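Dear colleague,

Please find below the structure for your records. My notes on selected backbone features, a helix, a helix pair and the chain contact follow it.

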Amino acid sequence: MEYYRAHVLVCGGTGCSSSGSATIEEMFKTALAEKGLDKEVQVVRTGCFGLCEAGPICIVYPEGSFYSHVKKEDVDRIVNEHLLKGRIVHDLLYVDKLEAHSDIETSITNVTFYKKQKRVVLKNCGVINPEKIEEYIAFDGYQALGKVLTQMTPEDVVNEVKKSGLRGRGGGGFPTGMKWEFAMKSQGDIKYVACNADEGDPGAFMDRSVLEGDPHAIIEAMAIAAYATGARKGYVYIRAEYPIAVKRLGIAIAQAKEYGLLGTDIFGTGFDFDVEIRLGAGAFVCGEETALIASIEGERGMPRPKPPFPAQKGIFGKPTVINNVETYSVIPQIILKGADWFRSFGTEKSPGTKVFALGGKINNTGLVEIPMGTTLREVIYDIGGGIPNGHEFKAVQTGGPSGGCLTKDHLDTPIDFDTLTALGSMMGSGGMIVVDDTNCMVDFARFFLDFTVDESCGKCVPCREGTKRMLEILEKITSGKGTLEDIDKLESLAHSVKDSALCGLGQTAPNPVLSTLRYFRDEYIAHVTDKKCPAGMCKDLLSVVILDGCIGCTACARVCPVGAISGEVKKQHVIDQTKCIKCGACIPKCPKQVIVKQ
Amino acid sequence: MTKSYLSEENFATLHKAIDAYKDTQGPLMPVLHEAQHIFGAIPIEVQKVISERLNVPLAEIYGVVTFYSQFTLEPTGEFLISVCLGTACYVRGSQQIIEKVTELIGVDVGKTSTDGKFSLQATRCIGACGLAPVMTVNDDVYGRLTVAEVPGIVKKYQETH
């Protein structure tokens, strides 16, 4: 076997790939070959490291040196200095914004972003090469499947999962063990397992990262689920928008087949199992399990009433277990290390860890995995590094378009399934979007409704018509034409839709409206009574004004396309609000910076 | 617009793809993905062929094609500009980006320019939220965008023939 003295790990996740990591990887290979180091140093393309903001990311082992924002011209220096001469290139290392930078920070294990995290789901992401099954196997891969097939009965497996208290990570938080038990007990000669990788929440990308960084874990877990429930065939329903994940999963399935870990008579136990990839085609509603089933069957992805639940009547009318990617990803570890190990993280009712996709107005955008019960403050300030550009934290949206917002008052709330639901939000799939004082909450609600109107499948009236009417009211308010009565109408309509829609999409679509009304009603009122947008975001409610301090240089008046600015030379100028079209052309022209939108 | 993409060669490829999926359970979605890939769109002519070969009513196929946003009835332009309007991108100002693109290429969201050069679409999250706001032009990804950078990027493609 070949032996390497050093490894260069280059992130090949979607975030870093978009920042040009493929070129960096090639350049490392070329530079190392030129120096004759290609037999000593191995370049490995891994899955996501999580800190997408710092991409492209490279980590050099054995030191664990964490190079961030790596540029083409940096590659030669890292090769010449670090890999050839053994001198770490300090000025290219990641600068920890949270702690005073010192020499100790040369290793990834010391970076504050990772310190409070507990990587269970993301254990292999950014560690192994996801396109090589050998690397997965070297990290205990497929051992859980071996254990299940040779030492456990299906009942044992279901009981272990039940004991672990694992709850569905797709959003609902339904106990996974119970789901498996229903499917196990369902009568039928043909059963299916399915993996829901239709991660449609805009702003969430943990499932994508798992599939890109550790695809074999999902295949192994699906095989375990199949054994437990009596299925022989699995479907992974994945978004077509994730080409890298689709490709790596395809490679992983082919390799597993080659090694006899998929196919017939696995481990010589007579157990047969095969996995097929099905691509989504851009419909958010297909993340709802019954819509997903319809889509796999080749129909419009419209939800069906439940019951019957998929565990009784799923794909092609057969009993089906559907779990989310993140749920599957922890199954092999639960089997190997036991339910008690899993319960050692998180809270009593929500054991384990949860991956969140931190995005929006936050310094460290990226993926974070934390034990359930961690507070929002720790996530946003200790791991996320706080709000950029000196702005103030206003709210965080969890659960995407189905969730709600949490405010400053909730910063010390421990995050788990039940606390979030109690506050009118929900865990959802794990998107966490931070907004600051420059974001308007009414516009934020309007944004989500715009999304749900687009994505509503149109099957049931409350969702099809209700979301549309809610959007209309929100648009009326953000354009300054709303009344107090509209706010009441909006609220009652939101409750009606929540109570009467057919599926999860419709039932949760009003959440962003209800939660912003609950915590930011004053902003709604400011829009309708004062005709002002406190955050300065809603265009129709803004006016451009010249504050005191104008020196009368006339630069603004000259650039104004409608001649709305008047004033004598060297005297204070004013903007005629009846003429002003709010184009903002004058703002950058002012040498004193006294022209503002407010 | 001429329908040169409806060539015999493309139909031959489609026939092969249909044959490959004929014995799969629920073959419609994979076949439609193939068709979209082969023709760049799934117009009625293509739907008719699929309907006959898979023995699925044309109305049903039309229903499925129009349901999913990744299937289109007409081909997109040479350059497909997608601006992400996912939440993370939106709060970081992607709305201003898309408005700038519209202004520059004179094409509304969801439309294709008359010369067939540009199509513009608003997409919901490509999962590169760490780089918000994000825009893609065909396979090229542009992250951490500012409005000021947009004209330079668009120009690059306007000058490409």
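A:Pro56 is located in the loop between strand E2 (41–46) and strand E3 (58–61) of chain A, where helices (H or I, at least four residues) and strands (E, at least two) are DSSP runs, numbered from the N terminus. The peptide bond that joins A:Gly55 to A:Pro56 is cis, with omega near -5°. The model is a predicted one, in which local features need pLDDT of at least 70 and side-chain atom pairs count only at pLDDT 80 or more, while totals for chains, interfaces and linings use all residues. Residues are numbered from 1 along each chain as its sequence is written, and chains are lettered from A and ligands numbered from 1 in the order in which they are written.

In chain B, the peptide bond from B:Ala132 to B:Pro133 is also cis, with omega near -5°. B:Pro133 belongs to the loop between strand E2 (118–123) and strand E3 (135–137) of chain B.

Most residues other than glycine have a negative phi, and most peptide bonds are trans. A:Tyr142, in the loop between helix H5 (133–138) and helix H6 (143–151) of chain A, has a positive phi near 65°. A:Tyr142 counts as buried because it has 21 C-beta neighbours inside 10 Å (buried: 20 or more other C-beta atoms within 10 Å; exposed: 12 or fewer; partly exposed: in between; C-beta atoms are placed from the backbone). A:Phe316 likewise has a positive phi, near 50°, and is partly exposed, with 13 other C-beta atoms within 10 Å.

In helix H22 (residues 521–530) of chain A, the buried residues are A:Glu523, A:Tyr524 and A:His527. These residues span an arc of only 105° around the axis, so they lie on the same side of H22(A); the arc is that of the directions from the helix axis to the C-beta atoms. A:Asp522, A:Thr529 and A:Asp530 are exposed on the other side of H22(A). Just after H22(A), A:Lys531 adopts a positive phi of about 55°.

As for the contact between the chains, chain B contributes 30 residues and chain A 41 residues, two residues being in contact if their C-beta atoms, placed from the backbone, lie within 7 Å. On the side of chain B that touches chain A, H5(B) gives the most, with 4 residues.

Yours sincerely
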